[in-house]
Amino acid sequence: MEKRAIISVIVPVYNASQYLCECIESILSQSFRDFELILINDGSTDNSLSICKSYERQDNRIKIISGANGGVSKARNRGLDVAKGEWITFADADDYFLDDALLTLYERAMQTGTDLVLANALKLKNGKSSELHRLKNEVLPNAIMSIKHFALWGYLFNADIIRKNRLRFIDGLAYSEDRIFIYQIARYCKTIAFCNKPIYVYRINETSACSSQDGVRKASHHLDAAYHLNQFAQIYRKDDKVVYNYLHRQSRHIIHLGLYLFVETGFTWEKLSIIKGRYNQWFGDGIKVSFFFYRTLISCLFTFERRKIITFKK
């Protein structure tokens with residue numbers, strides 16, 4: 001019988017050859033050894049797959065899943081389908097773990113008895129790194145309202161919660177998909193534990209999806225995510241108005257973020273009609289919802305122009 005790893009590390013890989021070796025080696029060199037590394041080759045057209053295979057030949061803890069390009073959510077779901085670990089953590093192929101990252105996450109989970117752990121991370125830009133958060137080493141109740149970070153990296157998730165509740169990423173969604181997944185897990189966690197020690201390096205990569213200049217795509221995905229979060233919020237509508245209102249505000253925040261990214265990457269009336277159509281598809285075209293859309297759009301335009309002026313003055 002195959003031994004079950006304690007931690008499953010899931011890494012979607014798409015045309016990531018520039019940084020992939022650094023990512024894989026940072027995992028294989030961890031002081032915590034009882035893990036499996038699941039590399040999901042998402043239809044890469046560079047030599048990412050051959051890099052993955054070269055490491056697979058060196059270490060039997062590596063599993064490779066390869067298929068046609070289906071997007072980051074589908075890739076992560078494929079990883080979840082085969083993950084055998086008691087705990088699950090994620091990494092992006094252009095980022096890397098720091099020394100003792102897995103040990104730090106696992107020990108924090110064991111010390112606190114929680115099902116959800118978040119550790120600090122570093123942001124790497126132009127060769128300079130800085131801490132992303134000012135976390136305290138604390139355990140907080142009401143996990144769903146205590147979340148302080150909405151990207152997957154830095155988290156350790158109890159795999160049983162994911163399996164028992166059949167939790168998955170929304171297929172096709174490439175922005176804010178991680179936020180919704182984290183909320184889904186937090187629903188089943190009584191507490192969340194934090195660790196101030198940085199364990200992960202998030203690289204600002206100009207070729208990543210987050211750096212894309214396709215504002216229509218970014219905005220459309222954020223609107224989709226906002227809709228799905230609204231649907232998730234309905235679970236709490238009758239029994240917990242506080243959580244419901246919190247999630248509703250978060251949904252609006254995602255809409256604001258999507259519209260700002262749209263404005264930031266080039267505003268045109270033709271593109272706006274596409275975005276408004278997408279918005280209407282999810283939220284309707286009534287007076288109230290349209291007013292919120294245009295009010296948010298105008299706010300984003302003002303914010304963008306103000307930031308341009310501030311940058312110019314500097």
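## About the model

Because the model is predicted, local features need pLDDT of at least 70 and side-chain atom pairs count only at pLDDT 80 or more, while totals for chains, interfaces and linings use all residues. Residues are numbered from 1 along each chain as its sequence is written, and side-chain values use heavy atoms, with hydrogens and water left out.

## Aromatic pairs

Let's start with the rings. A pair of aromatic rings is described by the distance of the centres and the angle of the planes. Here, rings of Phe, Tyr and Trp (its six-membered ring) pair if their centres lie within 6.5 Å; planes under 30 degrees apart count as stacked, over 60 as edge-to-face and the rest as tilted. The structure holds 21 aromatic pairs. One of them joins Phe232 and Tyr236 edge-to-face, at 6.1 Å centre to centre with 75° between the planes. Phe232 is buried at a relative accessible area of 9%, and Tyr236 is buried at 13% (buried means under 20% relative accessible area, exposed over 50%, partly exposed in between, with a 1.4 Å probe and protein chains only).

Tyr260 and Phe304 also pair edge-to-face, at 6.3 Å centre to centre and 70° between the planes. This pair links distant parts of the chain, with Tyr260 in helix α8 (residues 241-264) and Phe304 in helix α10 (residues 287-313), 44 residues apart. Helices (H or I, at least four residues) and strands (E, at least two) are DSSP runs, numbered from the N terminus. Both Tyr260 and Phe304 are buried. Elsewhere, one aromatic cluster is formed by Tyr227, Tyr279, Trp282, Phe283, Phe293 and Tyr294.

## Arginines over rings

A charge sits over a ring if NZ of Lys or CZ of Arg is within 6 Å of the ring centre and within 35 degrees of the ring normal. Arg203 lies over the face of Tyr19, 3.8 Å from the ring centre. Arg76 lies over the face of Phe169, 5.4 Å from the ring centre.

On a 1 Å grid over the protein atoms alone, a cavity is a set of points where a 1.4 Å probe fits but cannot get out, and a pocket is an open set with protein on both sides within 12 Å along at least five of seven lines; lining residues have an atom within 4 Å of a point. The structure holds one cavity of 30 Å³ or more.

Glu177, Ile180, Phe181 and Gln184 are among the buried residues of α6. Ten of the ten residues of helix α6 (residues 177-186) are buried, so this helix is largely enclosed by the rest of the structure.

## The second largest pocket

The lining of the second largest pocket includes Asn230, His248, Arg252, Tyr279, Phe283 and Arg295. Elements giving two or more residues to this lining are α8, α9 (269-283) and α10, and α10 supplies the largest share, five residues.

## Two positive phi angles

Most residues other than glycine have a negative phi, and most peptide bonds are trans. Asp100 has a positive phi near 65°; its place is in the loop between β5 (96-97) and α4 (101-112). Ser176 also has a positive phi near 65°, in the loop between α5 (159-164) and α6. Asp100 is partly exposed at 29% relative accessibility, whereas Ser176 is buried at 10%.

Note on methods
Points joined across faces, edges and corners; volume = space filled by probe spheres on them.
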